[in-house]
There are 2 protein chains.
Amino acid sequence: MRGYDPDGAALDRAVALGAIDAACDSVRAAVSDADVCFVCAPVSALPGLVEEALAAGGEGVVTDVGSVKRPVVDRVPDAERFIGGHPLAGAEASGVEHARADLFDGATWYLTPAERSSGILYERLFGLVAALGGRPAAIAADVHDRLMATVSHLPHVLANVLVGQAARELADESQGLPATGPSFRDATRVAGANPALWRDIFLANREALERELDAYLAALQEVREALRAGDPARLAQWIEGARADRQRLLEADLAGGPVSEVRVAVPNRPGIVAQIALALSEAGINIVDMALYPAPDMQSGAIALWVAGEGSADRAVELAAGLGYAAAPVDSGG
Amino acid sequence: MRGYDPDGAALDRAVALGAIDAACDSVRAAVSDADVCFVCAPVSALPGLVEEALAAGGEGVVTDVGSVKRPVVDRVPDAERFIGGHPLAGAEASGVEHARADLFDGATWYLTPAERSSGILYERLFGLVAALGGRPAAIAADVHDRLMATVSHLPHVLANVLVGQAARELADESQGLPATGPSFRDATRVAGANPALWRDIFLANREALERELDAYLAALQEVREALRAGDPARLAQWIEGARADRQRLLEADLAGGPVSEVRVAVPNRPGIVAQIALALSEAGINIVDMALYPAPDMQSGAIALWVAGEGSADRAVELAAGLGYAAAPVDSGG
């Protein structure tokens, strides 16, 4: 396995760590005769690098791992030897020193073959992705980018805007900054994530993201109208719809049966989360999501647990009660 | 302590559980001669009930616990004996059987005295709130409602709209419902929460919420323009601003010093969360927020931990490493 990086020190570390066998001093040297070439770089640099890799010749397949596919696909339209890729895996930490053999285990790995992509090269790439532990899934580049705009890029934009608005408005009030509460924390958790990376992603997927933003703006405008109209039935129906939608998306996302929410009231002592997580684990209950809601005094609070499987919520409530904590399933019917 | 509830069975349970000493068959009977009267009901019912409690006469103070204050204050303008209230505490589970003596411990309890509110009655209410464990904080009813619109009501609206849009658009794609990922899960966690309750809150705080929505719509429109303009510097600056804002709000929210994020890569085995939470607790590190990011295969994943205090992030990374898990601080500088 050969590698090239414009940063020589990074190349040396990659060799020292065994991530590659040989360091090359150019894209051309690394790519020539390769069966498969992975181009990994910030999304803004990908189109040029993919072009360079293809130009280096050879008969192997060239792929990339960028989270937006259209800019690359537009640059190398229908090249026989290029197949775009995007593994849904990664970590905050970057650099070869954070490489892990199990990074792709079970991860969906989108591949975007185009009309002229070689079938033989697609099969080769598919097999390698599967051998790395990934789950290759073919998808059109356009569909991929719209999908990411919906479930990832738009939520990041919304969080950034919300946190900015709150900071501005709360600073205006004489109250200073108040406790913001769990719904605000959840809604803004990704706000401000890696500015350089996200700037590039937003720009690269500009077209799909603008469409998403327009749809969102229109839907938000509708809620605003419903509010102005003061129609209780319309508002309640809208919230009921959101509840059903969230449930459906969450269940599609996770194996293990229907997902229910349980709230456990707890003192905010060290080890309580641990104790409850352990008890549920031992009982074979799968916690698929979790949120801590400390009370303002940080002395008490609640843990929200989303557990998967028929009957899991009731079991979790019993287990928490057995440990001395008041718990209740959150009624999903409204 | 006397109580009244239109639901006789609820009254019986309250007496049986010792939450009240005597059940009354009317508001008038419960309120007469009371030093303090708490009106607890859905926000849409509050104005009428507060009026009824005041009309019952006596010399005590009448307060409520509604999460929106303007509708009540508008109905009983400047009544000497009425002081609005809103404890920032509560649980998903309602009903007297879920009453807890420590529910208000350390919770901010907003009080909205008006110009003619009796000083003596305010002092009495203040003392009782403090005796219940709450932290009374005076605030103008208008400011209170704007504040709640910003940090609570708006985030709920945004989550509802996002989850609806995603469900609609993902259903259109041939892909079926894909894994939505952590940013989407965080952004939609409160979507569809208690429709009847939230319908009433949205309507009761319509004016402030419309203002918030308009500001949000305008800010989102600006981002849309920045995207269309394709200006990298403007986008990066906007994300950097969001990062700083989030940090500031999170730190204002919590005692214990600056908050930093740490990501720990973990196998998704039972007990791992417990093990890490325990290790950090034992080392005296305060986890102020936490999110689980399972990988698609549910075999591995990451835990994001927000820890408070100078040097806590580095300590947490060391402790995780000591347990055999790769961890890294998430650089808050971008």
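Predicted model: local features only at pLDDT ≥ 70, side-chain atom pairs only at ≥ 80, totals over all residues.
Residues are numbered from 1 along each chain as its sequence is written, and chains are lettered from A and ligands numbered from 1 in the order in which they are written.

## Chain A as a whole

Let's start with the overall picture. Chain A holds 12 helices and 11 strands; helices (H or I, at least four residues) and strands (E, at least two) are DSSP runs, numbered from the N terminus. Of its 334 residues, 46% count as buried. A residue is called buried if 20 or more other C-beta atoms lie within 10 Å of its own, exposed if 12 or fewer, and partly exposed in between, with C-beta atoms placed from the backbone. Contacts also reach along the chain: among those in chain A between residues at least 6 apart in sequence, 66% join residues at least 24 apart. Two residues are in contact here if their C-beta atoms, placed from the backbone, lie within 7 Å.

## The three-stranded sheets

In chain A, an open sheet of three strands runs in the order β5-β6-β7, with mixed pairing. Its edge strands are β5 (84–87) and β7 (135–138), each of which pairs on one side only. From one strand to the next, the twist averages 25°. Two strands pair if DSSP finds at least two bridges between them, and axes are lines fitted to C-alpha atoms, for helices over the stretch in contact, with angles running from 0 to 180 degrees between N-to-C directions.

Chain B has an open sheet of three strands in the order β5-β6-β7, again with mixed pairing. Here β5 and β7 (135–138) of chain B stand at the edges with a single partner strand each, so one side of each is left without a neighbour in the sheet. Within β5 (residues 84–87) of chain B, Gly84(B) and His86(B) point one way, Gly85(B) and Pro87(B) point the other way, and all are buried. In chain A, Pro87(A) stands opposite Trp109(A) in β6(A).

## An enclosed strand in chain A

Strand β8 (residues 259–267) of chain A has eight of its nine residues buried, so it is largely enclosed by the rest of the structure.

| Strand pair | Sense | Bridges |
|---|---|---|
| β5(A) and β6(A) (residues 108–112) | antiparallel | four bridges |
| β5(B) and β6(B) (residues 108–112) | antiparallel | four bridges |
| β8(A) and β10(A) (residues 300–308) | antiparallel | nine bridges |
| β8(A) and β11(A) (residues 327–330) | antiparallel | four bridges |

## Two buried arginines

Arg70(A) belongs to helix α4 (residues 70–75) of chain A. With 21 C-beta neighbours inside 10 Å, Arg70(A) counts as buried. Leaving aside residues up to four places away in sequence, Arg70(A) touches Ala141(A), Asp142(A) and Asp145(A). The C-alpha atoms of Arg70(A) and Val143(A) are separated by 9.7 Å, although these residues are 73 residues apart along the chain.

Arg246(B) sits in helix α10 (residues 232–253) of chain B. Arg246(B) is buried because 27 other C-beta atoms lie within 10 Å. Beyond residues up to four places away in sequence, Arg246(B) touches Val163(A), Thr188(A), Ala191(A) and Gly192(A).

## Helix α9 meets helix α9

Helix α9 (residues 206–229) of chain A packs against helix α9 (residues 206–229) of chain B at an angle of about 165°, with their axes 10 Å apart. The two helices are therefore roughly antiparallel to each other; angles under 35 degrees count as roughly parallel, over 145 as roughly antiparallel, 65 to 115 as roughly perpendicular and the rest as oblique. Residues of α9(A) that meet α9(B) include Leu213(A), Leu217(A) and Leu220(A), and those on the α9(B) side include Leu213(B), Leu217(B) and Leu220(B). The residues of this contact divide into 10 nonpolar, two polar and eight charged. In that count, Ala, Val, Leu, Ile, Met, Phe, Trp, Tyr, Cys and Pro are nonpolar, Asp, Glu, Lys and Arg are charged, and the others, Gly among them, are polar.
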